Amino acid sequence: MNCKFNPLFLLILMLTSLCGFNHFVVAEEKSPNSVEATEKNTSVTDFKIIADRYREAIVSVSFLGRDGEELGMGAGFVIDKSGLIATNRHVIGEARPIRVTFLDGQQFAVESIYASDEIADLALLKLNPDDLVGRKVVKLELGSRAEQGDEVAAIGHPRGYKNSLVTGIVSGSQEINGINLIQVSMPIDHGNSGGPLLDREGNVVGIITYKSAETANVGFAMPVNNLKSLIDSPNPITLSRWTTIGRLNPQKWEEFFGAAWSQRAGKIHVSGSGKGFGGRSLCLWHEPPSAPEQFELQVSVKLEDESGAAGLVFYADRGDRHYGFYPSAGNLRLSRFDGADVFSWHVLEEFNTPAYKPGDWNLLKVSVKESHIRCFCNGELVFDLKDQPVRANSNAVGLAKFRDTKASFRGFQMAEELLNPVLTEEIQHQLEQLLDDLKTEELASQHSVQKLQDFPPQSQEYLNKQAEELEHRAAEIRRLNRRVHEANIQNLIEEELKCENPQISQLALLLSRYDNPEIGVENYLMQIDEMAQDIEMMIGDQQLSEIERREIMDRYLFEENGFHGSRTNYYHKSNSYLNEVIDDREGLPISLSVLYLALADKLKLDIRGVGLPGHFIVRQYVDSEPESMIDVFDRGRVLGLVDVMTRVELQSRSAWNDAYLEPQSSRAILIRMIRNLQGIAERQESVEDILRYLNLLVGIDSENQIEHRYVRALVAIRQRERSLAEKDLAWLHENAQPVLNERQLNELSSFAEQWLGLKPLEKTAHEQGGD
């Protein structure tokens with residue numbers, strides 16, 4: 001269907017349905033045709049009867065955000081006793097878990113998106129019929145066409161007021177986005193989206209879709225015939241394919257016995273009760289040990305509540321039989337499960353040990369050599385079982401949780417032999433000596449950072465432990481630890497930028513790791529390689545043009561894997577991190593474009609980034625000549641020059657400049673990504689984060705040094721970062737004129753004197769013997 005632009009569309013707002021509390025249920029089936037004519041005294045009476053009989057077929061539909069919070073809520077209604085529910089497409093968000101809630105508060109998971117149409121803004125959700133066994137379901141009948149002047153009613157949840165009935169009339173029709181919508185005169189608000197528009201016979205004649213931006217008493221509904229066409233020609237997508245937010249990679253992990261397993265920024269999270277005995281749920285690694293008689297595995301685990309239990313499993317048969325090593329109710333436990341009930345569960349060892357740190361991350365390690373099993377916690381041997389019989393055909397390994405535990409895992413590894421990640425006593429002694437020799441105010445200095453950079457990465461964990469034992473000093477140690485990490489990452493970024501052809505994917509992942517030290521850059525680079533290999537397999541031996549090869553890449557990304565622009569949580573930091581874009585298949589224009597550029601490079605396609613004002617796109621070159629412009633944020637839509645010029649002029653409110661289409665270097669793209677994160681930090685008023693991003697910009701953006709150092713000096717003074725403020729003040733006095741005049745520099749110095757007690761720059765330099 002072709003979309004026609006209509007200016008009226010600018011006057012309407014999609015109901016984003018951000019209200020809470022709506023819980024609805026399906027009731028006993030009764031045909032609306034049973035309403036007797038003798039009961040029809042007035043239209044109000046008609047609609048009261050209809051609302052009383054059929055409001056329970058109205059459900060609430062909500063979806064979850066990146067952090068598990070409920071972001072949107074709208075209405076829906078049951079149209080089939082097997083659990084088919086109609087709603088608006090915009091109510092279900094993008095690639096997110098969806099909940100349907102009934103009147104008694106019972107929630108059901110959506111099994112599939114049975115059908116959807118973005119242009120008509122309609123969706124059909126399918127529940128698992130087994131979930132509805134024993135529940136009486138009423139369906140709303142789909143009626144005929146609405147005529148101008150007809151009395152109609154809508155049932156929904158405006159502003160969270162559940163099952164609210166509003167009445168009005170059909171006042172006309174309007175063509176919006178190429179579709180004739182029913183125009184109604186009645187109050188429509190957030191929460192009505194997806195609810196039914198009913199006639200006096202109780203038939204559904206439309207689905208409430210938009211409200212007017214001009215008046216509170218005009219709304220629009222999609223004619224029911226558009227819904228009928230979806231029913232007749234469904235395009236089902238299972239929720240496992242639909243939901244990309246936090247989904248575990250099925251090529252690496254396999255889940256058993258339910259519970260909610262997800263991943264986020266290098267960690268695996270689990271919550272909810274599994275369906276196995278004792279709430280057990282397993283998440284097993286994709287391949288067993290290559291030598292089942294000799295292997296080691298480890299993971300760090302953190303329990304939200306120490307009454308729970310979660311940890312490692314090994315010698316698992318992908319069923320009820322396995323070993324488990326895990327903390328449980330504050331103790332460490334080694335168990336063997338031989339079946340599905342309590343009689344098949346054997347606790348081999350259990351005791352309380354000071355090696356386990358409640359409420360903290362704990363490193364669990366299992367070492368197997370033939371029939372000898374040893375279990376370690378934070379480097380300390382806690383269980384040592386010799387001559388333990390093992391099952392030859394049950395050698396899968398992975399993670400487990402029990403009861404209603406909520407836990408997080410990080411750093412899962414398996415090999416024939418793993419290196420000891422715990423610092424040696426000698427290195428610990430060196431760290432202790434170094435910390436003892438430093439005064440508190442010296443801990444986060446540049447001098448200390450340089451010293452700590454020579455220590456192994458595990459020293460950062462040691463520093464965190466020290467920080468927990470010391471109150472004020474602990475805060476400074478954490479800052480030092482963070483700055484050591486940031487200094488290391490900044491060095492890696494600067495080294496990559498010195499290369500002849502710096503890789504933007506490497507730079508973007510290092511930026512992610514700058515903010516999250518747990519990100520495994522190599523793991524995500526490997527995922528990009530695997531994606532490129534998948535695309536090469538799709539291309540096969542076909543003799544295709546470069547544009548045709550790019551179109552196959554588009555199909556792989558946007559159709560088969562669901563990569564899309566984030567419209568619901570646009571300013572969420574996750575959208576700026578390439579690793580989370582890969583995990584969740586959602587991001588900003590620039591972060592999605594970085595992935596696109598990385599894949600294109602591996603496929604030998606000449607595609608370059610284009611940084612428009614306010615938007616980032618890519619452009620394909622063929623034989624070094626510019627061709628198609630592609631909006632990766634909009635699922636690879638090909639743009640014409642008029643599209644691009646119009647967008648720029650509307651967003652920037654300035655005249656078009658051909659220079660906007662010039663390709664950007666990897667350095668320029670990275671700087672733009674850092675500035676995005678700096679902007680988020682400014683909106684969140686996180687001064688510490690602003691300073692961190694300024695440190696990066698000072699290191700890599702030589703063209704804007706005066707701007708970055710001036711702002712960093714202001715922030716450093718505000719944060720009482722004395723040495724950093726002195727450094728930037730001295731640089732600005734030497735290099736900033738004439739961009740900054742003498743008055744501005746003196747005002748900055750006065751600000752420093754007021755906050756930090758710094759003497760005027762000339763006196764400070766004189767006392768120190770010059771510079």
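Helices (H or I, at least four residues) and strands (E, at least two) are taken here as DSSP runs, numbered from the N terminus. The model is predicted, so local features need pLDDT of at least 70 and side-chain atom pairs count only at pLDDT 80 or more, while totals for chains, interfaces and linings use all residues. Residues are numbered from 1 along each chain as its sequence is written, and side-chain values use heavy atoms, with hydrogens and water left out.

Leaving aside residues up to four places away in sequence, glutamine 263 touches Gly246, Arg247, Leu248, Ile268, Tyr524, Asp583 and Asp584; contact here means heavy atoms within 4.5 Å.

Charge pairing comes next. Side chains of opposite charge can pair when their charged atoms come close. Across the whole structure, the search finds 32 salt bridges, each a side-chain nitrogen of Lys or Arg within 4 Å of a carboxyl oxygen of Asp or Glu. One of them joins lysine 211 to aspartate 189, with the closest N and O atoms 3.7 Å apart. This pair links distant parts of the chain, 22 residues apart: lysine 211 sits in strand E12 (residues 204–212), and aspartate 189 in the loop between strand E10 (179–185) and strand E11 (196–198). Lysine 211 is buried, at 15% relative accessibility.

Helices are bridged as well. Glutamate 486 pairs with arginine 692, the closest N and O atoms being 2.5 Å apart. Because glutamate 486 belongs to helix H7 (residues 471–497) and arginine 692 to helix H15 (residues 687–700), the pair ties together parts that are 206 residues apart in sequence. Both glutamate 486 and arginine 692 are buried. Aspartate 728 and arginine 712 likewise meet in a salt bridge (2.7 Å, N to O). Here aspartate 728 lies in helix H17 (residues 722–735) and arginine 712 in helix H16 (residues 705–718), so the parts tied together are 16 residues apart in sequence. Aspartate 728 is buried at 0% relative accessibility, and arginine 712 is buried at 5%. Through shared partners, salt bridges also join Arg482, Glu486, Asp515, Lys573, Asp689 and Arg692 into one network.

Finally, glutamate 417 lies in the loop between strand E28 (407–415) and helix H4 (425–437). Glutamate 417 is exposed, its relative accessible area being 66%.

How values were computed. Buried means under 20% relative accessible area, exposed over 50%, partly exposed in between (1.4 Å probe, protein chains only).
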